[in-house]
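This report describes the strands, the nonpolar cores and selected residues of one protein. The sequence and the structure are shown first.

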Amino acid sequence: MASSIQSRLGTAPEEGCKAPVKVVANTPITLSGEQTINSVAVVTGDRVLVNGQVDLAENGIHNVSATAWSYAKDWNKANDVIAGMLVPSSETME
């Protein structure tokens, strides 16, 4: 029988690490369309950790789209984000 332990904050231990993103954007970017971030081409369906927006509410894990990007399913609710969360990246940062 599978079980999950929840902390006093209501989060499960596996929520401390997200699925990998392709690249991290540490400077402001346009949150729409396929583009190159840190010399890495991102295309529709890729995940990007956006961490440098002027409007801090726009930061988070986004799904790349040919049109406007959307937050990833594991980053679209307030309790999806906890302090100290790990977000691995499949590409190295420059």
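## Surroundings of Asp 80

Beyond its neighbours within four places in sequence, Asp 80 is in contact (heavy atoms within 4.5 Å) with Lys 18, Lys 73, Asp 74, Trp 75 and Met 85. The model is a predicted one, in which local features need pLDDT of at least 70 and side-chain atom pairs count only at pLDDT 80 or more, while totals for chains, interfaces and linings use all residues. Residues are numbered from 1 along each chain as its sequence is written, and side-chain values use heavy atoms, with hydrogens and water left out.

Asp 80 lies in the segment that follows strand S6 (70–71). Its relative accessibility is 11%, so Asp 80 counts as buried; the term buried means under 20% relative accessible area, exposed means over 50%, and partly exposed covers the range in between, with a 1.4 Å probe and protein chains only. A polar atom of the Asp 80 side chain lies 3.5 Å from the backbone nitrogen of Trp 75.

## Overall composition

The protein has zero helices and six strands, and its elements run β-β-β-β-β-β from the N terminus. Helices (H or I, at least four residues) and strands (E, at least two) are DSSP runs, numbered from the N terminus.

Of the 94 residues in the protein, 34% are buried. The accessible surface comes to about 6000 Å², and carbon and sulfur atoms hold 56% of that surface; these areas come from the Shrake-Rupley method with a 1.4 Å probe, and for residues only the protein chains shown count as cover. Among contacts between residues at least 6 apart in sequence, 51% join residues at least 24 apart.

## The four-stranded sheet

Four strands form an open sheet in the order S1-S4-S5-S6, with mixed pairing. Strand S1 (23–25) and S6 are at the edges and have a single partner strand each, so one side of each lacks a neighbour in the sheet. Two strands pair if DSSP finds at least two bridges between them. S1 and strand S4 (residues 47–50) run parallel and are joined by three bridges; Val 50 in S4 is the bridge partner of Ala 25.

Strand S5 (residues 60–63) contains His 62, which is buried, with a relative accessible area of 3%. A polar atom of the His 62 side chain lies 2.8 Å from the backbone oxygen of Glu 58. Apart from neighbours within four places in sequence, the contacts of His 62 include Leu 31, Val 48, Val 50, Trp 69 and Tyr 71.

## Nonpolar cores

In soluble globular proteins, nonpolar side chains tend to be buried together. A nonpolar core is here a set of buried Ala, Val, Leu, Ile, Met, Phe, Trp, Tyr and Cys residues joined through side-chain atoms within 4.5 Å. The largest such core has eleven residues, among them Val 23, Ala 25, Leu 31, Val 48, Val 50 and Trp 69. S1, strand S3 (40–42) and S4 are the elements that give two or more residues to this core. A second, separate core has seven residues, including Val 21, Ile 61, Trp 75 and Met 85.

## An exposed proline

Pro 28 is placed in the loop between S1 and strand S2 (35–37), and at 52% relative accessibility Pro 28 counts as exposed. Leaving aside neighbours within four places in sequence, Pro 28 is in contact with Gly 52, Gln 53 and Val 54. The C-alpha atoms of Pro 28 and Val 50 are 8.1 Å apart, with the two residues 22 apart in sequence.

Terms used
Polar contact = N/O pair within 3.5 Å; in protein donor to acceptor, adjacent residues only side chain to side chain.
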